[in-house]
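Reader: I would like to go through this structure with you, beginning with the ligands. Could you take me through it?

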Amino acid sequence: MPKRLYIETVGCQMNVLDSEMVVASLRKHGYELTNDPKLADTLLFNTCSVREHAEDKTYSALGHLKKLKTKNPEKVIGVMGCMAQKDQKLVFERAPYVDLVVGPGQLQQIPELVERIEAGAKHQMAVGLGRRDGSVDEIKRSHETFDPLRDPSMRPTPFQAYLRIQIGCDKFCTYCIVPSTRGPEQGRPPQQIYDEARLLADQGCKEITLLGQTVNSYKYVDGGTTTRLADLLYQLQEIDGIERLKFVTNYPKDMTYELLQAVRDLPKVSPYLHVPLQSGSDVVLQRMKRGYTVQDYRDMMQRIRETVPGYAVSSDFIVGFCGETEKDFEQTVELVKECRFKNSFIFKYSERPGTKGAELMKDDIPTEVKQRRNNDLLAIQTAISEEDNQEFIGRTVKVLIEGPSKRAVRQGTQDEPTLQLIGRTHCDRIVVFEGNQRQIGQTLPITVYDATAFTLFGNIVTQEIRPQPYTLQIV
Ligand code: 5AD
Ligand code: SF4
């Protein structure tokens with residue numbers, strides 16, 4: 001009988017991709033997936049450490065498993081991902097019934113570690129070296145990228161896939177835990193990336209999103225040749241079957257003119273750029289050690305405007321970072337109004353032990369103030385998104401159709417032939433419309449008749465099927 005795997009994933013796209021890989025590797029070891037923890041032989045939690053809240057939720061979910069494990073000691077419970085790397089043995093201390101702790105750079109070891117636990121071993125742990133615990137090479141080797149197998153059935157839609165081009169991060173923003181959980185920045189070899197993209201295209205994938213913590217800093221040096229993100233895009237553009245290429249997340253300073261030219265010149269590359277600004281105040285940016293000024297970001301926006309027609313830029317912000325004054329916050333508001341982002345992800349600062357921010361600065365902004373700033377900034381961004389989306393009313397956009405909308409899924413109508421569908425434009429705007437099952441996975445023109453801040457509503461343009469011209473038969 002096949003063994004059953006239950007897996008819960010929180011956090012960023014990297015984690016989603018890591019889970020896809022782990023599931024694929026466990027399938028090779030005879031596992032199938034289940035949605036029910038009670039039926040599972042192995043339960044895995046892929047975790048996030050970016051904010052404290054995410055960790056609290058994971059520990060609380062683990063807390064609920066105590067009874068299950070006491071009743072069924074043969075079940076294997078594992079914690080993988082960033083919180084596993086950050087907390088290491090602390091996970092066993094806080095949740096002693098967890099069997100397995102595996103960092104994001106050791107995921108390839110999971111099948112073997114699970115087998116060891118099944119054979120009676122206790123508390124197994126595989127984590128990467130800390131950023132000060134060895135030579136650069138040793139540290140790099142201890143954080144490995146894990147991209148061996150692709151499994152279309154694990155993806156939200158078989159037409160879309162993430163493809164990792166880089167792991168780790170060397171930017172060390174003072175608030176961020178990622179450089180220590182995911183290790184040093186390392187670009188994957190271009191040939192591996194190309195081969196994986198080919199494989200995805202062969203599996204029917206139409207849209208690939210390239211992933212990296214600072215994806216536009218991608219660099220791979222082989223002898224005398226240096227490959228950058230723009231070079232990769234030119235290579236991937238050539239793959240038949242791939243219709244769209246995206247890349248996230250970008251670092252403002254590395255948004256070069258060469259890269260923007262590639263975005264402009266390559267029809268498959270989405271003109272959608274996610275480039276987190278984090279704050280509109282130079283003082284705060286400096287304290288965050290982001291490595292750019294507000295003026296640098298403005299210059300980058302200007303470059304984008306001048307170079308990429310139909311561009312859409314989105315951003316991330318942290319409100320209530322150490323020492324953020326009302327004036328600093330107002331500057332952020334001003335910049336959001338000036339840049340008119342497609343959308344922004346807004347977060348309240350969460351102090352992370354192990355970062356320079358936690359070591360050197362005081363988390364001195366009261367929770368209520370963080371919350372108010374969060375609400376205010378979100379309201380301003382939402383108004384901008386709504387205004388900009390309304391510009392689309394009456395226009396026809398090309399939409400890659402992803403599948404049933406949330407409403408169709410909720411109503412249980414997702415199996416009916418006609419249903420509400422959801423897809424995205426080339427510039428990453430969500431479009432909802434009535435359609436047909438068979439259209440899922442196609443790219444079709446849709447005319448927009450209404451818009452909110454988050455969604456465009458449209459109708460599929462009916463394509464005229466011309467009758468065959470009448471030809472006179474001469475006998
Ligand atoms: N507190 C709040 N938000 C954070 N982010 C990263 N670290 C923290 C933190 N300590 C946000 C940043 C980043 C996004 C992925 O998460 O905005 O761009
Ligand atoms: Fe974290 Fe900064 Fe690296 Fe992004 S660039 S992962 S925010 S350290």
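Predicted model: local features only at pLDDT ≥ 70, side-chain atom pairs only at ≥ 80, totals over all residues.

Reader: Which residues are around ligand 1?

Author: The residues around ligand 1 are V50, R51, Y175, Q278, D316, I318, F347, K348, Y349, S350 and R352. By class, five of this shell are nonpolar, two are polar and four are charged.

Reader: And which strands supply at least two residues each of that shell?

Author: Those are β15, covering 312–319, and β16, covering 344–348.

Reader: Which side chains have an N or O atom by an oxygen atom of ligand 1?

Author: Q278 has a side-chain N or O atom 2.7 Å from an oxygen atom of ligand 1. For D316, the corresponding distance to an oxygen atom of the ligand is 2.6 Å. There is also a backbone contact: an N or O atom in the backbone of S350 lies 2.8 Å from a nitrogen atom of ligand 1.

Reader: How much of ligand 1 does the protein bury?

Author: The protein buries 85% of the 400 Å² that ligand 1 exposes when taken alone.

Reader: What surrounds ligand 2?

Author: Ligand 2 has C169, K171, F172, C173, Y175, C176, V178, P179, Q213, T214 and R290 around it. Seven residues of this shell are nonpolar, two are polar and two are charged. Y175 is listed around ligand 1 and also around ligand 2.

Reader: Changing topic to the helices: at what angle do α13 and α14 pack?

Author: Helix α13 (residues 294–307) and helix α14 (residues 326–339) pack at about 10°, and their axes are 12 Å apart. Angles under 35 degrees count as roughly parallel, so α13 is roughly parallel to α14.

Reader: Which residues meet there?

Author: From α13, V294, Y297, R298, M301 and R305 meet L335, E338 and C339 of α14. The residues of this contact comprise five nonpolar, three charged and no polar ones.

Reader: Finally, what about the backbone: which peptide bond is cis?

Author: The bond from V248 to T249 is cis, with omega near -5°. T249 is found in the loop between β13 (244–248) and α11 (257–265). Most peptide bonds are trans, and most residues other than glycine have a negative phi. Q88, which is not glycine, has a positive phi near 45°. Q88 lies in the loop between α4 (82–87) and α5 (89–94).

Technical notes
Residues numbered from 1 in each chain as written. Chains lettered and ligands numbered in written order. Heavy atoms only, no water. Near = heavy atom within 4 Å. Polar contact = N/O pair within 3.5 Å; in protein donor to acceptor, adjacent residues only side chain to side chain. Areas by Shrake-Rupley, 256 points an atom, 1.4 Å probe, with all protein chains shown as cover. Helix = DSSP H or I, 4+ residues; strand = E, 2+ residues; numbered from the N terminus. Nonpolar A, V, L, I, M, F, W, Y, C, P; charged D, E, K, R; others polar. Axes fitted to C-alpha atoms, helices over the stretch in contact; angles between N-to-C directions. Parallel < 35°, antiparallel > 145°, perpendicular 65-115°, else oblique. Contact = heavy atoms within 4.5 Å.
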